[in-house]
Amino acid sequence: MLANEIENAQRLVRTDAYQMSIGEIVTMYDNREIIIDPEFQRLFRWDIGQKSKLIESLLLGIPLPSIFVFEKADGTWELIDGLQRISTILEFMGLLRSPDGNTLLPSVLEATKYLPSLHNAVWETSALVADVPVDEQKPIDRTQQLAIRRGRLGVEILKRPSDDHTKFDLFQRLNAGGSQANAQELRNCIMLMINGDYFRAVKAAAEQPSFSNVISITEEQAEKQRHLEMAVRFLVHARVPYDGSLDVEEYIDDGIVNLAQAGDHAGATDLINQTFQLLNAVAGSNAFRRFQNGAHTGKAGLVGLEGIAVGVAKNIDAILALGPDRSKEFVKEKIETFWAQPESTTFTSPGLRGTTRIQRTVPFGGVWFRP
């Protein structure tokens, strides 16, 4: 059984590996033969200290970790892992392009432990370098430029016919152990890889005031993409049946890949907006909070998202068909009595696994909010 599973899974992945110089990779980037998604650059940003340490490593001849690319149907490569390393080098050289295709401003470095003279170091002097006047810039010499260009990187290539699920799994495994990305940031990237329009539609819906108010996230949580995480969880629970065979996080990962591939961004936007506009009108930031003794208390958590928001979403057409006033009255009454049902006591038992919880909350909500 295990041997067969290994053999079948191996068929999904074809890989190759090269050693390439930085100069060769730069040339490929210039020729549009390697793609660095500009929107990734907004999701992952190194600070100047991290960038300086990378250039320091190249100048000192310290080997860099391999980068991973996905071979597209037209033979070009899409960068899966190594974004910041490649972006940092291109930016330092003054070659990195913005999302609209324009060249970004060259970067300037700061002193490092072993190379304190990197303070204000630039590839070449330029009035375009931000914050450092030309007369204070310290261009590296040609020998040092060649050392960077001749620096070598391992390139691991995920070749066709590897599919989007395989690409996501690889991207996630490569990044999950690092500090630069949390689970939702990784999902954001795979949505961008598969269908940028879908990602942008979900992101825009998750940034609507009605959604933000209902899920009640803090500014710090928003910086960590909590609003997008809640939007993705909502869509997956509402649209993708759960059979209990996967861990919850794997189910969310797999589900959003399927939804992004289907690409119904209008449907995703409508479902989020209709559901959360209604919830916001009825209960605002109390929509997911427990209701007892005539008042809402506690925090807005996943039980509210899974049982209440998803329950409303699964019945949204029938609820809205009740008419503007009756639909609000119906949802308000259902939210307030949701927590008094015997089933709801099983949603938050100590030690309850997420896999068990969502097999209770989602089906119950789907029935409970049925007019």
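Helices (H or I, at least four residues) and strands (E, at least two) are DSSP runs, numbered from the N terminus. This is a predicted model, where local features need pLDDT of at least 70 and side-chain atom pairs count only at pLDDT 80 or more, while totals for chains, interfaces and linings use all residues. Residues are numbered from 1 along each chain as its sequence is written, and side-chain values use heavy atoms, with hydrogens and water left out.

Let's start with serine 107, which sits in the loop between α5 (83-93) and β5 (121-122). Serine 107 is buried, at 9% relative accessible area (buried means under 20%, with a 1.4 Å probe and protein chains only). Its contacts (heavy atoms within 4.5 Å), leaving aside neighbours within four places in sequence, are Glu91, Phe92, Ala121 and Val122. The serine 107 side chain also reaches the backbone nitrogen of phenylalanine 92 at 3.5 Å.

Now for α14. Helix α14 (residues 265-283) has 19 residues and spans 27 Å from first C-alpha to last, close to the 27 Å expected at 1.5 Å a residue (that is, 1.5 Å times one less than the number of residues). Glycine 284 follows α14, with a positive phi near 55°. Among the buried residues of α14 are Gly267, Leu271, Phe276 and Val282.

| Helix | Residues |
|---|---|
| α9 | 196-206 |
| α10 | 209-215 |
| α12 | 226-239 |
| α15 | 302-314 |
| α16 | 316-320 |
| α17 | 324-338 |

How values were computed. Buried means under 20% relative accessible area, exposed over 50%, partly exposed in between (1.4 Å probe, protein chains only). A polar contact is a pair of N or O atoms within 3.5 Å; within protein, one must be able to donate a hydrogen and the other to accept it, and residues adjacent in sequence count only if both atoms are side-chain atoms.
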